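This briefing goes through salt bridges, cores, a sheet and annotated spans in one model. Please have the sequence and coordinates open while reading.

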Amino acid sequence: MLMSDGLLRVFWPYDLPRSSNPGVIVGWRNSELDLFVIAILEDVEPRNVDNALRAGILFRNSPHPIARLFNLCGRSAMHVLGSINPKSPPTAFNPSHLYVTTNNTRRVPRIFCPPEANLSVQIIMFHRPHPTKMEYMSLNPISLALTDKSSAAGKGETIMDSIDTEEERDKIRARKLVDKLKFHTVVKHIPTQKELVLPLIINQINCAYEMERLMEKNSHLIGTRVKRSLSVGERVVESATTIWDLFIFGISYVLWRWIWPVVTRVFVIGLVCHRSIAEFVLQVLEWRAHPDAAALKDISATAQQVDIRLQQFCYWPIQYAKLRQRKDNWESVTTSHPDYIRFYNSLWLVANDVIIGIALGSYIIDNANWVAYQINTALTGWTVEGLQRTISWLMDWPAGLKLNNELAAFLGDLFLWVIENWAALIANLQPYLQQIIYVVGCSSFAGASMPIALFSDLLSILTVHIYSFYIASARIFNWQLSIIISLFHLFHGKKRNVLRNRIDSCDYDLDQLLLGTILFTLLFFLLPTVIVFYLTFAIARMLIISLKATFDTCLAFLNHFPLFALMLRAKNSRRLPGGIMFELREESDGFFYSNGDSPETTSFIHLESIPLSLRAMFDQYFQLAHRLRKHYLSPRVIFCLVTGQFVPPIHRRNLYSLQYSMLPAHRAGMAEVWTLLTKPKKSGGGSSGSGSMVGGIGATTNGLLKVPPGFAQGDLRRRGHR
């Protein structure tokens with residue numbers, strides 16, 4: 001119960017009737033001066049409406065137990081809040097029964113509150129969300145990714161990447177700093193009762209539409225009505241309609257009782273068989289020789305893509321079954337809306353992937369010879385002949401830089417010999433290149449992501465000699481640089497203490513200094529030759545990594561692009577809430593009162609839902625870009641390039657975590673899938689009469705608020721209301 005603070009706060013929907021007819025205001029009474037308007041029932045008496053609310057007549061024939069909405073809204077009963085457009089003007093202000101005036105010329109009501117009441121009136125206007133269109137308000141932005149990633153890691157992924165470890169360390173450090181700042185805050189804001197009740201008010205806003213429609217549907221039951229007997233013509237029409245309905249009922253009974261269960265059971269068995277095959281393939285892709293070894297999906301982009309698709313196919317039946325359960329509850333319950341968006345976004349992405357893949361595959365199959373010729377020309381021209389020309393150029397004083405001829409000739413002949421053997425191997429594979437391209441084209445019918453993943457793996461395989469050249473030249477450069485640094489310490493009379501990881505003083509003999517000087521001179525003058533070869537292969541390696549990053553970016557867009565969410569935001573942004581906003585509207589701007597007849601003590605506030613921002617939609621992409629930048633543009637990577645140390649590629653789990661964000665961390669077992677798919681559908685929990693509604697209200701299990709057991713039992717005694 002909210003405390004009185006001299007402010008009468010009324011939540012009023014924009015789309016309520018604004019006619020001049022008299023009526024009764026019905027809604028929630030959160031406190032004595034905190035009211036929430038649900039509906040306006042016209043041409044009825046307040047006493048009759050109050051009796052109907054107590055008897056539960058206005059909640060009859062509800063599709064689901066009305067107690068779910070009562071507990072969601074945090075109230076145990078609905079009340080008559082006042083009268084609208086009364087026939088006789090009010091003489092005194094009564095907070096338990098307001099007097100409101102409306103007409104078609106203005107959008108907001110006028111509440112009778114004389115200055116003698118010493119109250120300020122605050123009217124919060126809002127547009128009611130349409131639950132059948134899945135519109136709703138929320139204090140927190142909707143989450144497009146599953147929230148179980150932080151609590152559980154993927155199966156077999158026990159190796160934490162350094163980026164993950166550093167990110168987790170940064171989060172812990174930031175959390176500790178926030179906790180420390182709380183102790184140093186000079187003014188600590190204590191949430192008021194109205195701020196604490198704001199989540200319940202948001203729930204009341206989300207439930208207002210269905211509650212108002214239900215009461216409008218039962219408003220004709222208010223008051224005593226005598227049912228007249230049917231005429232002869234009406235009886236003949238009713239008999240004919242009854243025979244036709246009986247025929248339709250017989251056909252539907254055979255269809256739904258005998259044929260439909262068999263079809264659904266066959267379909268479920270097919271899904272379970274598909275799940276069994278998919279589970280076997282997934283186990284193969286996730287198998288590791290030992291806990292520290294890499295799985296097949298961590299090595300191959302194709303295996304990773306197959307793993308993503310199979311996990312999506314395994315998760316779709318569970319998602320669909322959960323969405324079907326949404327029909328067993330009120331549409332105002334918004335807990336399943338993020339699952340709905342994730343499910344259909346995944347379907348749209350797969351459908352678009354298949355459509356693009358069919359077009360791409362048809363082109364590749366029809367032009368397999370030309371595609372194979374272009375790939376062969378590019379591989380031969382860039383990875384064989386182009387590399388041979390570059391190495392030959394490095395052996396003969398490149399750009400006027402005088403290198404050591406003997407060392408350059410040795411390294412060049414070594415690399416050229418490897419390239420010649422690699423070219424011979426590629427020449428043996430050229431007759432089969434067209435068949436390989438044809439297979440890649442056929443794989444496109446499974447989606448455009450498959451040929452992209454295959455081309456990424458082919459790029460890694462066909463450039464393995466460049467990778468080996470980079471590893472060899474980097475290792476030689478690193479060894480030589482380490483020896484030069486050690487000899488440089490020798491000139492200063494120092495040496496490195498490996499045990500204590502520091503530089504200590506040391507006395508050297510003349511022979512040691514002479515030998516160190518000779519070795520230092522030799523290695524220093526040979527260093528430019530090694531640097532030239534190392535830079536060449538390092539640049540080639542970085543270009544290959546950039547090309548593979550382009551392929552991975554295309555895969556990320558095909559597998560995890562918020563296409564459905566963007567469509568919803570453009571079509572109806574209320575389905576993607578990102579928070580709420582209160583805006584104070586001035587009375588003098590002509591929006592509310594053009595004639596200025598509003599009381600000075602009345603203020604109007606516009607409550608609006610803020611759509612989810614584009615930054616929040618693409619948050620996963622920003623995280624991926626941050627990880628790539630932190631891995632490849634960090635000082636540690638630059639230091640490794642300068643010193644010739646190996647620059648490891650980013651772990652595929654970190655690279656593909658974006659695409660796994662809409663999948664659960666743990667797959668459901670076969671028994672769980674079978675139980676979920678074969679679970680019998682619950683019978684309708686609605687109230688065809690007041691008696692069933694009483695059972696629904698008494699069956700509350702969430703423990704928020706329990707409606708009294710005697711609620712809605714009065715209409716059993718009021719036979720005249722039928």
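R342 and D339 are joined through their side chains by a salt bridge, with N and O 2.6 Å apart; a salt bridge here is a side-chain nitrogen of Lys or Arg within 4 Å of a carboxyl oxygen of Asp or Glu. The model is a predicted one, in which local features need pLDDT of at least 70 and side-chain atom pairs count only at pLDDT 80 or more, while totals for chains, interfaces and linings use all residues. Residues are numbered from 1 along each chain as its sequence is written, and side-chain values use heavy atoms, with hydrogens and water left out.

**Salt bridges**

- Helix α9 (residues 337-366) holds both R342 and D339, three residues apart, or about one turn of the helix; helices (H or I, at least four residues) and strands (E, at least two) are DSSP runs, numbered from the N terminus.
- R342 and D339 are both buried, where buried means under 20% relative accessible area, exposed over 50%, and partly exposed in between (1.4 Å probe, protein chains only).
- A search of the whole structure gives 15 salt bridges.
- Another of these pairs is R288 with D298, whose closest N and O atoms are 3.2 Å apart.
- R288 sits in the loop between α6 (232-286) and α7 (296-299), while D298 is in helix α7, ten residues apart.
- R288 counts as buried because its relative accessible area is 15%, and D298 is buried at 11%.
- The side chains of R615 and D619 also form a salt bridge, at 3.0 Å from N to O.
- R615 is partly exposed, with a relative accessible area of 44%, and D619 is partly exposed at 28%.

**Nonpolar cores**

- The largest nonpolar core contains 41 residues, and V49 and M211 have the most contacts inside it; such a core is a set of buried Ala, Val, Leu, Ile, Met, Phe, Trp, Tyr and Cys residues joined through side-chain atoms within 4.5 Å.
- Two or more residues of this core come from each of β2 (23-31), β3 (34-42), α1 (46-55), α2 (66-73), β7 (120-126), α5 (198-217) and β11 (602-611).
- Helix α5 supplies the largest share of this core, eight residues.
- A second, separate core has 38 residues, including I484, F533, F537 and A538.
- Which helix holds M211? M211 is in helix α5, and M211 is buried, with a relative accessible area of 1%.
- Residues up to four places away in sequence aside, M211 touches W28, I38, F59, I66, L69, F70 and M78, a contact being heavy atoms within 4.5 Å.
- M211 and L69 are 142 residues apart along the chain, and their C-alpha atoms are separated by 8.4 Å.

**The nine-stranded sheet**

- Nine strands make an open sheet with mixed pairing, in the order β6-β5-β4-β2-β3-β1-β7-β11-β10; two strands pair if DSSP finds at least two bridges between them.
- β6 (110-111) and β10 (577-585) are the edge strands, each with a single partner strand, so one side of each has no neighbour in the sheet.
- Strand β1 (residues 7-13) pairs with β7 in the parallel sense over seven bridges.
- V10 has I123 in β7 as its bridge partner.

**H606 in the sheet**

- H606 lies in strand β11 and is buried at 5% relative accessibility.
- The side chains of H606 and Y14 make a polar contact at 3.0 Å; a polar contact is a pair of N or O atoms within 3.5 Å, where within protein one must be able to donate a hydrogen and the other to accept it, and residues adjacent in sequence count only if both atoms are side-chain atoms.
- Neighbours within four places in sequence aside, the contacts of H606 are Y14, M125, H127, M581, F582, E583 and R585.

**Annotated spans**

- The unreviewed UniProt entry annotates residues 236-256, 347-365, 407-429, 436-455, 467-492 and 513-537 as "transmembrane region"; UniProt positions are in the numbering used here, feature names are shortened, and annotations may be inferred rather than shown by experiment.
- Residues 347-365 are 100% helix and 0% strand, with end C-alpha atoms 26 Å apart.
- Residues 467-492 are 96% helix and 0% strand, and the end C-alpha atoms lie 38 Å apart.
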